[in-house]
Every structure is written in structure tokens, then in C-alpha cells.
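Me: I have a model open and want the terms checked against their cut-offs. Take the strands, then the cores.

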Amino acid sequence: MAAHRKPRQRSLGGPTVRTAATLALAGAATATGFDGTGHADPHLTPEQIKAKVDKLYEEAEVATDKYNGAKEKADKAQENLEVLRDQAARRTDRLNSAREQLGSLATAQYRTGGIDPSWQLALSGDPDQYLGNAALAERVGNRQAADVAGVRQQLLEIERLRGAARVELGTLRTKQQEVKRHKKTVTSKLTEARRLLDRLTPEDRTRLSSPGSGTGHASRSAPSSPRTVTGPVSPASSASDAPNPRAASAVSYAYSKLGSPYVWGATGPDAFDCSGLTQAAYRSAGVSLPRTTYGQIGAGRRVSRAELLPGDLVFFYSGISHVGIYVGNGQMIHAPNPSAPVRVAPLDEMPFTGATRVA
């Protein structure tokens with residue numbers, strides 16, 4: 001028999017160790033890359049941090065708009081579902097009443113024994129009364145047939161309503177999943193931005209968050225228009241320059257909310273996101289605007305930047321993910337992001353996309 005031999009022990013050096021070390025380093029690098037901002041480059045300048053934060057806020061606003069749109073549709077689906085269920089319940093009550101009536105008629109007929117009409121006439125002591133009763137019975141029979149047809153129709157209608165409710169329930173569940181997904185994205189972006197901002201000193205945070213600080217949004221802004229900023233605009237003069245009373249009322253509302261916190265998904269009265277502020281401003285003027293920025297840009301007549309008047313809605317970024325309300329002198333009131341409250345800011349703070357004048 002061949003002798004059993006122990007396998008040779010490989011040396012802990014050479015290619016094997018180098019491969020293991022490479023894998024360990026790669027794993028560490030991967031872990032660092034997936035750890036978010038916790039291991040971000042510590043040598044970023046305050047301006048670079050601000051630029052990263054601005055980008056995160058922009059991405060969060062895109063997700064917020066999608067969240068708002070999905071939530072609006074989910075709320076509508078919930079409303080439709082409740083209406084369908086209510087209609088089905090009311091029709092079911094009417095159906096049950098109709099069935100009870102048919103049951104009473106069927107019981108009465110059974111008790112009469114269903115005697116042949118000719119025998120009833122022959123046996124009747126009062127033929128005239130019988131003939132009157134026979135005519136009445138015929139009318140009752142016709143009504144009964146109509147009642148039966150009505151019950152059948154109600155059954156079909158109830159089934160249709162239940163089918164529509166099942167479809168609406170499916171839509172609701174789909175939109176609720178979309179809401180959760182977009183909410184998770186928004187929360188992730190805002191958390192990452194907050195971690196970056198925590199690395200700034202209070203002085204840098206104040207300096208970089210001031211309107212027109214020359215960093216972040218402003219560095220990517222569109223060229224300045226002929227309507228340059230010449231100073232603050234008073235609420236009275238801004239409202240007086242508005243193209244119509246509704247726009248004037250919306251501008252006055254926006255001024256009254258200066259200093260209110262930004263809260264994503266909020267539509268007032270004490271906190272707002274960007275489209276929530278503009279929607280609330282025009283709601284106060286009796287005008288219903290869509291919930292999302294991409295809905296609001298189509299809610300009126302498009303105007304150029306040179307034509308802007310107080311009350312016009314102004315939009316930013318290629319994805320139309322941010323909106324404010326113009327107040328004159330190249331300035332707007334908007335809800336910027338969670339790091340800043342509702343405030344007056346220059347249009348050049350962000351890349352201008354377009355404007356709409358609400359009718």
C-alpha cells in the first residue's frame with residue numbers, strides 16, 4: 001500500500017499573501033465608499049462642501065416633487081375608493097329592500113295556491129269583483145317582473161362598483177409604494193446633506209447660506225437679465241406692480257410667510273416646501289394650483305424672464321424641480337431647503353428655467 005503523505009504546507013508569503021492583502025484593501029475601500037459621507041474627503045473647503053450640499057438638495061427636491069405627485073395621486077385614489085365603497089353599500093341596501101319585497105310577493109302567491117283563473121271565475125260568487133281582482137293581479141305581475149329586472153340590474157351595478165373598487169385599491173397600493181420609495185430617497189439625501197453641513201463652522205454656515213453668497217447654486221446660474229437687483233422690494237410696491245388682484249394677493253401671502261421653516265412635503269400654514277409655498281400663496285387668492293413644480297409650470301401663460309411681474313411663478317433647473325414667486329427687482333420669495341427658511345433671494349441664486357403667469 002502506498003504510504004499516506006501529509007500535504008505540503010504552503011508558505012505564508014508570496015502571491016497568496018499579496019492576493020489576500022489586495023482583497024482586504026479592496027474590501028476596506030468598498031466599505032468606505034458605501035459608508036456615505038462619514039468618510040468624505042476631510043480636506044474639502046467650505047465652498048466645496050456647500051456645492052455638494054446644494055447638489056444633494058437639488059436631488060432631494062426632485063425626489064420631493066415625485067413624492068408630492070405620488071402622494072397626491074394616492075390621496076385621490078383613496079378618495080375614489082371611499083366613494084365607490086359608499087355607492088356599493090347604498091346600492092346593496094336598496095337591493096336588499098327589493099329582495100324583501102319580491103320575497104313577500106312570492107310568499108303571497110304560494111299561499112293562494114296558484115288556482116287556475118278559469119276555475120276561480122267559475123267558483124266566484126261575484127264575477128265582477130273577480131274580474132277586477134284579476135286586472136289588479138295582472139298589474140301586480142307586471143310590476144313584479146319589473147322588480148325582478150331591477151334587482152338583476154342592481155346586482156350587475158354592484159358588481160361593476162366592486163370591480164372598480166378593486167382596481168382603485170390596486171392603484172392606491174401602487175402609489176403608496178411610490179410614496180414610500182420617494183420618501184426614503186428624500187430622507188437619505190437630506191441626511192447626507194446634514195452630515196456635510198455639520199462639518200462647517202457656524203460662521204461658514206451663516207456666510208454660505210446667505211442669499212447670493214456666490215457659491216453652490218449661484219455658480220451655476222443663468223446669465224443676469226436686464227432686471228438686476230437694485231435693492232429690497234417692499235410688499236406694498238410689489239403687490240401694486242402685480243398684473244392682477246390674484247397675483248397681488250399671492251405676493252402678500254408670500255411676504256407674510258417670510259421666516260417660515262422649510263419642511264419637505266409641507267403646504268402650510270406654518271411650514272412649506274417650494275411648491276407648497278406657491279400653492280398656498282395662490283390658494284389664499286382663490287386659485288387652485290397643482291401640487292408639483294412640473295404641474296405648476298403648466299398652470300398659466302408662459303412668460304420670458306424679461307417680462308416678469310410680481311406674482312409670476314419662476315422655475316429653476318433643467319428638471320423644473322424648484323419654484324418661487326417673483327416679487328420684482330430680480331428677486332423672488334421661495335422656500336429654499338431645510339437649511340434656510342422662506343426668504344427673499346435673487347433669481348440668479350439658481351439656474352433659471354422659465355416662468356408662468358397664473359391667470
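Me: What makes Arg 343 in β5 the partner of His 334?
Reply: In this predicted model, where local features need pLDDT of at least 70, side-chain atom pairs count only at pLDDT 80 or more, and totals for chains, interfaces and linings use all residues, a bridge links His 334 to Arg 343 of β5. Numbering runs from 1 along each chain as its sequence is written, and side-chain values use heavy atoms, with hydrogens and water left out.

Me: Why are β4 and β5 called paired?
Reply: Pairing requires at least two DSSP bridges between two strands (E runs of at least two residues; helices are H or I runs of at least four, and both are numbered from the N terminus). β4 (residues 331–334) and β5 have four bridges, so they count as paired, in the antiparallel sense.

Me: What makes β5 an edge strand?
Reply: The open sheet has six strands in the order β1-β6-β2-β3-β4-β5, with antiparallel pairing. β1 (300–303) and β5 (343–346) each pair on one side only, and are therefore its edges.

Me: Why is the set around Tyr 282 called a nonpolar core?
Reply: Such a core is a set of buried Ala, Val, Leu, Ile, Met, Phe, Trp, Tyr and Cys residues joined through side-chain atoms within 4.5 Å, where buried means under 20% relative accessible area, exposed over 50% and partly exposed in between (1.4 Å probe, protein chains only). The largest set meeting this has 30 residues, and Tyr 282, Leu 313, Ile 325 and Ile 333 have the most contacts inside it. Its largest share, seven residues, comes from α7.
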